[in-house]
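Here are my notes on the strands and how they pair. Please read them beside the model.

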Amino acid sequence: MILSWPQFQYLLTAGVPAPAIVYPYLPETFTDAHGARWLHFPDDDVDWRPTTGELRGRWCLGEDAITDPDTYWNGDALRVYATPLEWMIAGRRRGVVIRDWSMVFDRLRDVPRVSVPAGLVAQYRKWMKPTRVPEMAVTA
């Protein structure tokens, strides 16, 4: 279902610029079986419940920014945002919102630069390590 006018107004009132609401694609809206309203970002296949901040779906919002050369242009960095609202206020460009932190190392290890907010530094450092390394045998 298309984004309703009250949801559009909520985002505008929260500080999201109108172009960031509709570009690069308009989020869809739906109501779950419990009556909760969600926004669905189809390109990322992630759902966000603005009233609680809950995320579900794939590992992050904004995944295209990871491989977009514009993200790193002129020494810039991939920005990690704490919430979808912060990501939207920033224009939904050059950044991600991580839902599944266990994927961070595998997905971001080749990124040249990352900008992480102070509140997420500990979590980023915890997960930005290989989840496994090969068993090593020492030969003579």
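1. Terms first. Buried means under 20% relative accessible area, exposed over 50%, and partly exposed in between, with a 1.4 Å probe and protein chains only. Strands are DSSP runs of E with at least two residues, numbered from the N terminus. Two strands pair if DSSP finds at least two bridges between them.

2. Basis. This is a predicted model: local features need pLDDT of at least 70, side-chain atom pairs count only at pLDDT 80 or more, and totals for chains, interfaces and linings use all residues. Residues are numbered from 1 along each chain as its sequence is written, and side-chain values use heavy atoms, without hydrogens and water.

3. Strand 2 covers residues 37-41. Four of its five residues are buried, so the rest of the structure largely encloses strand 2.

4. Strand 1 (residues 28-31) pairs with strand 2 in the antiparallel sense, over four bridges. Threonine 31 stands opposite arginine 37 of strand 2. The hairpin has five residues between these strands, and glycine 35 takes a positive phi near 85° there.

5. Strand 2 also pairs with strand 3 (residues 46-49), antiparallel over three bridges. Histidine 40 has aspartate 47 as its bridge partner in strand 3. Four residues lie between the strands of this hairpin, where aspartate 45 takes a positive phi near 55°.

6. Four strands form it in the order 5-7-6-8, with mixed pairing. Strand 5 (60-61) and strand 8 (114-115) are at the edges with a single partner strand each, so one side of each has no neighbour in the sheet.

7. Strand 5 and strand 7 (residues 95-98) run antiparallel, joined by two bridges. The bridge partner of leucine 61 in strand 7 is valine 97.
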